[in-house]
Amino acid sequence: MMLASERHQLILSLVREHGAVRLTELVERLGVTAVTVRRDVTELADRGLLTRVHGGVTLTRPRGGHPEPGRAASVFGPAAPGALVGMVAPSVEYYWPTVVQGAQSTVATAGGRLVLRASSYDAAEDRRQITKLLERGVQTLLVAPATSGRGALDLLRWLGSLSVPVVLVERVPPPELPTLALDAATTAHALGAGLAVRHLVSLGHRGVGLVASRSSPHSPAVRTGWRETIASLGLDAATALDLDVPAYGSAGWAREYDALLERCRRAGVRALLVHADREAIGLIERARDGGIAVPGELAVVSYDDEVAAASDPPLTAVCPQKHRLGAVAAELALARLADTTERPVHRLQLWPTLVVRESCGSAAETAPR
């Protein structure tokens, strides 16, 4: 009689082969009762490895793609019209322009104006830029401040004391300030990492490594999601390599990427989650130069989806909903500005989506041999 783990592997194999399988077929193929099959598929569905449909199961197909520009009706209350909104972003490159565009669209739709200043992941510079905006007369603030390092706690305490509403963007107060009453709009980066791992497992991989950029503030959350998903799915610990790399194009990057690929080869790692796109593109470049086929010998999922579609091959990627994040943050700020009643703190978290492209291949191409 088959063990539960063996039944689960056979069910996943059948679903990967046929796309969808009826429960009655599984009962016949497995030679067990319908109750056992329902219990097995429920467990697999709960783990995110397949999707229950009426009378059967299918592969999980996360919905992906970028949101259309524009503004949905706010669920947070009426927006203050004609407001001057200040925004301080830690960068105006890579991840942040789309977030800013989302906020700008929402503010403009409400008849207001967004005034942007860029900082540099530094608490002192954050405070200087915010002070300039306050002197400019902004009525509410969207801020992505430093939350660690020198001066970060004092900066956050100061933000909590301001007379204008403040909404944190892609930031929440650290554990040292558990009751800091600031609204926040964030992305569920840990959940996004889990989506990537589950997709690779659905293709047959039993080990998934992580490659994270040393420079990204989102790497800790991505690492947490990867680690928790690896544990929850019971994946092979020996192939769960946790690696970090310098930014693509920085001094010595090619040598370090080559060493990483060699380490993966020795450990038998054939699937990687890479944060972020530029590092994933650099890794594929070095793999190709080293004779490693992607996706044939190595499956790669990128995290961020900024330029993943332009990779060769196009990268399957986790896509944080950056435009919508900026829009939601602006909606929160405008609603709080308009609401003169006692209003509870709002902490909103958006789920990323998974955009499936070519860098993972099919189950037959990428499953471990």
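The pLDDT is the predictor's confidence in each residue, on a scale from 0 to 100. This is a predicted model, and its protein chain has an average pLDDT of 91. A score of at least 70 is reached by 93% of the residues. For residues 63-73, however, the pLDDT is below 50; this stretch makes 23 contacts in the model beyond near neighbours in sequence.

**The three-stranded sheet**

- An open sheet is built from three strands in the order β1-β3-β2, with antiparallel pairing.
- Its edge strands are β1 (20-22) and β2 (50-53), each of which pairs on one side only.
- On average, neighbouring strands in this sheet are turned by 25° against each other, direction ignored.
- Helix α1 (residues 4-18) packs on the sheet and touches β1, β2 and β3; the direction of α1 makes about 120° with that of β1.
- Strand β2 and strand β3 (residues 56-59) run antiparallel and are joined by four bridges.
- Within this pairing, threonine 51 stands opposite threonine 58 in β3.
- Helix α3 (residues 34-46) lies across β2 and β3, and runs at about 125° to β2.

- Strand β9 (residues 209-213) and strand β11 (residues 271-275) run parallel, with four bridges between them.
- Valine 211 stands opposite valine 274 in β11.

**Helix α10**

- Helix α10 (residues 277-289) has 13 residues, so at 1.5 Å a residue it should span 18 Å. Its end C-alpha atoms are 18 Å apart, which agrees.
- The buried residues of α10 are Asp277, Glu279, Ala280, Gly282, Leu283, Ile284, Arg286 and Ala287.
- The elements covering these buried residues include β9, β10, α9 (253-267), β11 and β12.
- Just after α10, glycine 291 takes a positive phi of about 80°.

**Aspartate 183**

- Aspartate 183 lies in strand β8, which covers residues 183-187.
- The relative accessible area of aspartate 183 is 2%, so this residue counts as buried, the cut-off being under 20%.
- The side chain of aspartate 183 makes a polar contact with the side chain of arginine 336, at 2.6 Å.
- The side chain of aspartate 183 also reaches the backbone nitrogen of histidine 346, at 2.7 Å.
- Leaving aside neighbours within four places in sequence, the residues in contact with aspartate 183 include Val166, Val167 and Leu168, as well as Leu332, Pro344, Val345 and Arg347.

Notes
Residues are numbered from 1 along each chain as its sequence is written. Side-chain values use heavy atoms; hydrogens and water are left out. Helices (H or I, at least four residues) and strands (E, at least two) are DSSP runs, numbered from the N terminus. Buried means under 20% relative accessible area, exposed over 50%, partly exposed in between (1.4 Å probe, protein chains only). A polar contact is a pair of N or O atoms within 3.5 Å; within protein, one must be able to donate a hydrogen and the other to accept it, and residues adjacent in sequence count only if both atoms are side-chain atoms. Contact means heavy atoms within 4.5 Å. Two strands pair if DSSP finds at least two bridges between them. The expected span of a helix is 1.5 Å times one less than its number of residues. Axes are lines fitted to C-alpha atoms, for helices over the stretch in contact, and angles run from 0 to 180 degrees between N-to-C directions.
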